[in-house]
Structures are given as C-alpha cells and as structure tokens.
Amino acid sequence: VDSTSASVDVRDSPLDPHFLSSQFRVELVDNFGYLMRFFRKVEELVDNPPSNCPPIIAVDFEGVKLCRNGELCLAQFCLHDDQCTVYVLDVFSLGKDAFQAKSPRGTSVQSILESPAIRKVWFDPRNDVDALYHQFGIETQGIFDLQVAEVAERRNRRLGVRYVQGLFKCLTNCPSLSDKHKLFAEKIDILGKNLFEPENGGSYEVFRMRPLHPII
C-alpha cells in the first residue's frame, strides 16, 4: 500500500520481492495455508517477545452492523515485531473454523484472543468482544483499550474530558504521527466510509462481497 496516494498494488504471494520491500503490507488470510503461516509468525513473536513487556498484537474486527447479532466478517492483526504487515483474516469465507483451526503447536485465533499472556491492543473493543463471545464463544483476555488510554492521557494533561474520541480524531491529534501518516489516515478514512457507511452512499454489505475491495 502506497501511504502517499493510498493506492494498492496487488501481488499474488507474500514472498514477492515488491511485497516484502513495501513499507505497508496487507496479507489476506483466506485459506488454511496462510492461516498456518500467520500462526507461525505469532509463535515467533511469543517465543521472542519485545524486551520488558509481553507479546503485543494490534487487533480490530469489521462486519455488518457488528455486535452480538451483527455478522463478523474480517479480523485484522498486526504483530509488534513486524509493524509493516497487517494480516486480514477472512472470517466470512473461512467460517467458524477460522477461530478454531490449530497449528501443530496448538495455536489458534481463539487461543491468541483468550491468552492473558498476549497483550491485544484494541481501539474501542466493545462491539468486537460482544460479537466474539456471543457468536463464537470466545472470552477475550489481555486487552489494552487505546480509546480509554487516550482519555487517561488527556486527563493526565489536566484537560477536561467529557467524551471519548473516535479513532480518526485520535490519529489526527497524535503528536507522534507524521503529517504523511495523518494524511494517509484521512484518505483511507474517506475512501472506506464511502464504501461501507450508508450515510456516505455505501453499504456494510461490502464486507460480504468477494473478492474483497482493495480499500476494504
């Protein structure tokens, strides 16, 4: 993904040299071979965690009106030891087996989400964990909620806090992000909302469409 133009160059293998040299990569996990590859990456992180902290995985989920009754379609993961790659797990295509399939060492998406030893960095996980529990029986542990942390950070600066903020506003207000990254976040935010938000002319059904739209 080109973070300047928000354009996408599709490659047919995660071993493609152009894919490997990209500064932002999205790896679609839509079969069990790629799922096993993802588990090996997680196991490498668990075996070699960052110093003085547990293994860290950024997590997010998307779906059609996602909650305990709304369909969960996509799971997204980014590992602390490879912050250039986002793994997008196609739950809609793989079904419940996406959470229960195991590696030879017993690693599964369910075990990753339920492990208190692996820290899951999440932005407002309320609807996500609601869907995971009621639809798949997954009791997620080890969550670090970025939205709550942002509230704590503002209060630490003695600011008045009446509301939590959305992800896009938090990103644009983040002093450690470059202008380039903020512009990229804005472009992706607009392109994505135009595809899935009904008030912007989109439809949440886009999460069910296959092949997945590159922007999604």
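The dialogue below takes up the sheet, the cores and the charged side chains in turn.

Student: What kind of model is this?

Tutor: This is a predicted model, in which local features need pLDDT of at least 70 and side-chain atom pairs count only at pLDDT 80 or more, while totals for chains, interfaces and linings use all residues. Residues are numbered from 1 along each chain as its sequence is written, and side-chain values use heavy atoms, with hydrogens and water left out.

Student: How should I read a sheet, and in what order do the strands come here?

Tutor: Strands of a sheet pair through backbone hydrogen bonds, either parallel or antiparallel. Helices (H or I, at least four residues) and strands (E, at least two) are DSSP runs, numbered from the N terminus. Two strands pair if DSSP finds at least two bridges between them. In this model six strands form an open sheet with mixed pairing, in the order 1-4-3-2-5-6. Strand 1 (25–29) and strand 6 (143–145) are the edge strands, and each pairs on one side only. From one strand to the next, the twist averages 30°. For angles, axes are lines fitted to C-alpha atoms, for helices over the stretch in contact, and the angles run from 0 to 180 degrees between N-to-C directions.

Student: Which strands pair with strand 3, and in what sense?

Tutor: Strand 2 (residues 56–64) and strand 3 run antiparallel and are joined by eight bridges. Strand 3 (residues 71–79) also pairs with strand 4 (residues 82–90) in the antiparallel sense, over five bridges. Ala75 shows both pairings: Phe61 stands opposite Ala75, and in strand 4 the bridge partner of Ala75 is Leu89. Leu74 has Asp90 in strand 4 as a bridge partner.

Student: How many residues lie between the strands of each hairpin?

Tutor: Strand 2 and strand 3 form a hairpin with six residues between them, and Lys65 in the turn has a positive phi of about 50°. The hairpin of strand 3 and strand 4 has two residues between the strands.

Student: Is strand 3 mostly covered or uncovered?

Tutor: Buried means under 20% relative accessible area, exposed over 50%, and partly exposed in between (1.4 Å probe, protein chains only). Strand 3 is mostly covered, with eight of its nine residues buried.

Student: What is a nonpolar core, and which residues touch the most other members of the largest one?

Tutor: In soluble globular proteins, nonpolar side chains tend to be buried together. A nonpolar core is a set of buried Ala, Val, Leu, Ile, Met, Phe, Trp, Tyr and Cys residues joined through side-chain atoms within 4.5 Å. The largest here has 30 residues, of which Phe61, Phe77, Leu89, Phe99 and Leu113 touch the most other members. Helix 2 gives the largest share of this core, five residues. A second, separate core of nine residues includes Leu74, Val88, Phe207 and Leu212.

Student: Which residues are linked with Arg11 in a network?

Tutor: Salt bridges link Asp9, Arg11 and Asp16 in a network. Between Arg11 and Asp16 the closest N and O atoms are 3.7 Å apart. Arg11 is partly exposed, at 33% relative accessible area, whereas Asp16 is buried, at 16%.

Student: Where is Glu197, and what is the nearest side chain of opposite charge?

Tutor: Glu197 is in the segment after helix 9 (179–196). For charge, Lys and Arg count as positive and Asp and Glu as negative, while His and the chain ends are not counted. Glu197 is buried yet has no salt bridge, and Lys193, the nearest side chain of opposite charge, is 4.7 Å away.

Key:
Salt bridge = Lys/Arg side-chain N within 4 Å of Asp/Glu carboxyl O.
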